[in-house]
Amino acid sequence: MTGSVLFERLGYEPHQGQLRFHASDARFKVLIAGARFGKSLAASHDVLRDMLGRETRGWFVGPTLALARPEYDYLVLDARRRLGLAAAREFRSAQGHRGLTLVNGAEVHCLSALQPQGLLGREIDWLVLCEAAHLSRDAYERFLRGRLVSRQGRLVVATTPRGHNWIEELYQRGLKARPAWNSFRYATWDNPRVLPAEIEEARRTLPGPVFDEQFGGAFTGASGRVYPEFEPARHVLACDPPAGAVCLRGIDFGFTRPFACVWLYADHDGRICVFDEYYRAGGTALDHAREILRRDEALAARDILRGTSSADPAARAEREALAQGGVPNQPAENALLPGISRVRQALLPRADGRPGLTVHPRCVNLIREFEGYVYEEIRGAGEPLPVKGNDHALDALRYGVMGLCSRADWRKFGLLW
Ligand SMILES: Nc1ncnc2c1ncn2[C@@H]1O[C@H](COP(=O)(O)OP(=O)(O)O)[C@@H](O)[C@H]1O
Ligand SMILES: [Mg+2]
């Protein structure tokens, strides 16, 4: 059955971008596009042709099973309901792997890269990498690529981009290594079924690089970032507290890793300004206390008042040592993901277009960490966690922001949380 006859029977009318993708007979096809472009649908229909023609074996592999399911479900639905094909056999493993054998002997499996043992040993005729930008290069190179060799199998990579990771290289390869490879890149709005209003809403509310990546399908380097909202052009601003302001501190301890303290205050609108940082590896609690007091005195000389210091609750001995050095402090709220979420909310633009949190350019370490703080590769069904390491000033900031949120007069703003 030719592609167009099959698509007609399925009631599938590919849009222009999908048509170009289907028309290519490259063995390796890389389809990069914004959310809801129709990648999953197109990938699934593309390989369904292979299943009908011959006794083939194919895999949908995702970073987790859930992320490989849309492609698999589209295919099973089409095979059964639209083409009325009987399944000779269906299976489901204890780990949740699913699969189906058609009466012609063609097989499809839905697999997760989290269980690499499921990815070994079999030769396959086609492989679709679903949400491939969240797969590790290692999973692809060690467990997947080799499966295609002996049967000259073909590969479809379908994904929204995610920063400048290995998928971008694969995409570049597809541009250069034709005709065996072919790459395609589209935006969400290349799917005419997505409403323009929806896209405009996203354009308005997302930071530029995130919108360009998630909707524009561009390799922007925005993703995997814990704070994608942070853009130096928008958030770095020479803000300083006025006389009478009450300043808070957030403190994260470290000895071989840096000790970090940030100073912040909230203006009458509840906008947060982070106006100073102290960041130092080595040094004792007394050294740190002395430096913090020195800066506080300079602030006091400008009639700026000292508010509470919120510090890492896990470091009790360090907090006490700091208090003995003259810097009283309280244990901060330490839940990581809720804290990150508050900082992210604060970074968003308000109705007037200005963000709710700005950082003074002198806070060079905080700015660097904002830009470099990224999530780990997805490992499980749960929420991914940030990569530990360059997060000292950011942890201090999180403690400071949580300290600010717990103040009664702050709640009256009722703006963000
Ligand atoms: N050619 C098409 N005809 C009809 N609906 C489509 C077409 N392409 C995509 N869609 C629909 O658009 C939505 C997004 O498609 P999907 O393949 O899941 O997108 P992606 O994987 O790119 O996020 C789905 O509801 C899908 O059914
Ligand atoms: Mg999809």
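User: What share of the contacts in the chain with a separation of 6 or more comes from residues 24 or more positions apart?

Analyst: That share is 69%. Keep in mind that this is a predicted model.

User: How do you know how confident the predictor is in it?

Analyst: From pLDDT, which averages 89 over the chain, with 93% of the residues scoring at least 70. Residues 410-417 are another story: pLDDT stays under 50 there, and the model has 12 contacts beyond four places in sequence for that stretch.

User: What makes K39 count as buried?

Analyst: The cut-off is 20 or more other C-beta atoms within 10 Å. K39 has 30 C-beta neighbours inside 10 Å, so K39 counts as buried. K39 sits in helix α3, and once you leave aside neighbours within four places in sequence, its contacts are L31, A33 and A158.

User: And why is L336 called partly exposed?

Analyst: Partly exposed covers what falls between the two limits, 12 or fewer for exposed and 20 or more for buried. L336 has 14 C-beta neighbours inside 10 Å, so it counts as partly exposed. You'll find L336 in helix α12, residues 336-347.

User: Which residues come nearest to ligand 1?

Analyst: There are 15 residues around ligand 1, and F37, G38, K39, S40 and L41 come nearest. Helix α3 (residues 39-53) gives the most to that shell, with three residues. By class, the shell has six nonpolar, five polar and four charged residues.

User: Where is E131, and is it buried or partly exposed?

Analyst: E131 is in the loop between β6 (126-130) and α5 (137-144). E131 has 22 other C-beta atoms within 10 Å, and the cut-off for buried is 20 or more, so E131 is buried. Phi of E131 is positive too, near 45 degrees.

User: How do you know which peptide bond joins R178 and P179, cis or trans?

Analyst: Look at omega: it is about 5 degrees, and the bond is cis. Most peptide bonds are trans. P179 lies in the loop between α6 (166-176) and β8 (181-186).

User: Which residues have the most contacts inside the largest nonpolar core?

Analyst: L31, V61 and V128, in a core of 53 residues. Helix α4 (residues 65-82) supplies the largest share of this core, eight residues. A second, separate core of 45 residues includes A260, Y278, V343 and Y373.

User: What is V128 in contact with?

Analyst: Setting aside neighbours within four places in sequence, V128 is in contact with A43, V47, F60, E71, V156 and A158. E71 also gives a handy distance: K39 and E71 are 32 residues apart in sequence and 8.8 Å apart in space, C-alpha to C-alpha.

User: Last one: how is the chain divided into domains?

Analyst: Into domain 1 (3-203) and domain 2 (234-413). Their C-alpha centres lie 44 Å apart, and the C-alpha trace of the chain spans about 85 × 45 × 40 Å along its principal axes. The chain has 15 helices and 14 strands, and 43% of its 417 residues count as buried.

Key. Residues are numbered from 1 along each chain as its sequence is written. Chains are lettered from A and ligands numbered from 1 in the order in which they are written. This is a predicted model: local features need pLDDT of at least 70, side-chain atom pairs count only at pLDDT 80 or more; totals for chains, interfaces and linings use all residues. A residue is near a molecule or strand if its C-beta atom, placed from the backbone, lies within 6 Å of it. Helices (H or I, at least four residues) and strands (E, at least two) are DSSP runs, numbered from the N terminus. Ala, Val, Leu, Ile, Met, Phe, Trp, Tyr, Cys and Pro count as nonpolar, Asp, Glu, Lys and Arg as charged, and the others, Gly among them, as polar. A nonpolar core is a set of buried Ala, Val, Leu, Ile, Met, Phe, Trp, Tyr and Cys residues joined through C-beta atoms within 7 Å. Two residues are in contact if their C-beta atoms, placed from the backbone, lie within 7 Å. Domain bounds come from an automatic or database domain assignment. pLDDT is the predictor's confidence in each residue, from 0 to 100.
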